[in-house]
Amino acid sequence: MKMMPSSPNEEQFDVENSKLDKDKERTPRTARVVKVHNQALLSGLAYCFSSCGMILVNKFVLSSYDFNAGISLMLYQNLISVVIVSVLSIMGLVSTEPLTWRLIKVWLPVNVIFVGMLVTSMFSLRYINVAMVTVLKNVTNVITALGEMYLFKKHHDGKVWAALFLMIISAITGGITDLSFNAIGYAWQTLNCFLTASYSLTLRRVMDTAKQVTKSGNLNEFSMVLLNNTLSLPLGFFLIVVFNEVDYLLRTPLLRLPSFWLVMTFSGILGLAISFTSMWFLHQTGATTYSLVGSLNKIPLSVAGILLFKVPTSLENSASIFFGLLAGVFFARAKIRERSQS
C-alpha cells in the first residue's frame, strides 16, 4: 500500500527571515518525537484490540448466541470487507488492483485454501475455548517450518527448532489437561493448522505470479483483501448449500434480532480492521516489534477468553497454556535473531 505522505510541519519557515531562537527550534522537534511515539503506541493498541476482538467476538457469536452457521458468518464478514474496501477505493483513499480474469485464475487456488482456513477456524472456535485455540495454532508454525525446509530448502537454527518443540509439547499437554476437550473441535483445529500453513507457503509463489499479471506490477494488502474476499463469496455460497446451513438460517430466530446483526457486523469490521491496523503498526515500528507484540498479544487474549466465557480449567491446563504462550514469544525472538544473522 502506498502510505499517505506525512502532514506538513505546523510552522512554516520564511527563508529570507528565518531567525528563530533555540527554544522555538526545539519545540517542533520535541513535538515530532512525541507524535511518533504516540503513533506507535496508538497503532499498537489498535492492532491488539482488533486482533483480540475479532476472535472474542467470533467466539461470542458461535458459542454465546449458539449460532450454528459458521460458514454464513464468514461469508457475511467477507462481504463487509468487500463493500468497505470497494468504497474506500472509489473514494481514492486506498489503491487496489482491478480484478481481471488473468489475476483471478492465478489467485483462485490459494483462495480455496484461504476459504478452507476461515471455515475450519470458525468450526474449531465453536467447540474449543479461545486459550486452547491460541495454543494449538502454534502447531501451524511447526508445519510451516517443515514446509519451508522441504519446499524452499530453508534451514532454521537450533533455537527456532527448540521453540517449535516447546510448542508441540504445550499443545499435547494442553489437550490432555483440557477439561472441556472436544474431539470434533480438535480435529477441525488440526485441519486449520495444515490449511493455514499451506496458505502461508502457497502465498509466496502465487504472489510472485500474480504481480506479473497486474497492471502496476504490484499487489498491495488492500488488493489482496479485495481479491481474497471477493473470490470467497461464490465459494462460500456453495459451502452453505453443501453443509445445509440454508435450512438452519431459515429456521433460526437469531436473524430477527437487531442486536445479533450488530454483533455480526462488528465482527466483520474487526476482521478488516486487522488488515488496516497491522499495516499501520508495522509501518510505525518495524518487523521486530510487530512480531514480538503479536506473540505477547496472545497472553491477554487467552486470559480474556477464559474469564469472559467462564471456561472450566485446572492448574495443569493453565500451566500448559502459559507454557505454550511463552514458547510463542520464544519462537518470535528466535526468528528475529535468525533474520538478523541471515
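Buried means under 20% relative accessible area, exposed over 50%, and partly exposed in between (1.4 Å probe, protein chains only). The model is predicted: local features need pLDDT of at least 70, side-chain atom pairs count only at pLDDT 80 or more, and totals for chains, interfaces and linings use all residues. Residues are numbered from 1 along each chain as its sequence is written, and side-chain values use heavy atoms, with hydrogens and water left out.

Asn-297 is buried, with a relative accessible area of 10%. Asn-297 sits in the loop between helix H11 (287-296) and helix H12 (298-308); helices are DSSP runs (H or I, at least four residues), numbered from the N terminus. Its side chain makes a polar contact with that of Ser-51 at 2.7 Å (a pair of N or O atoms within 3.5 Å; within protein, one must be able to donate a hydrogen and the other to accept it, and residues adjacent in sequence count only if both atoms are side-chain atoms). Beyond neighbours within four places in sequence, Asn-297 is in contact (heavy atoms within 4.5 Å) with Cys-48, Ser-51 and Cys-52.

Asn-78 belongs to helix H2 (residues 70-90). Asn-78 counts as buried because its relative accessibility is 5%. Outside four places in sequence, its contacts are Phe-114, Leu-118, Asn-229, Ser-232 and Leu-233.

Helix H7 covers residues 183-212. At its start, a side-chain oxygen of Asn-182 comes to within 3.0 Å of the backbone nitrogen of Ile-184. Buried residues of H7 include Gly-185, Tyr-186, Leu-203 and Ala-210. Among the elements covering the buried residues of H7 are helix H3 (101-127) and helix H8 (221-242).

How values were computed:
Helices (H or I, at least four residues) and strands (E, at least two) are DSSP runs, numbered from the N terminus. The expected span of a helix is 1.5 Å times one less than its number of residues.
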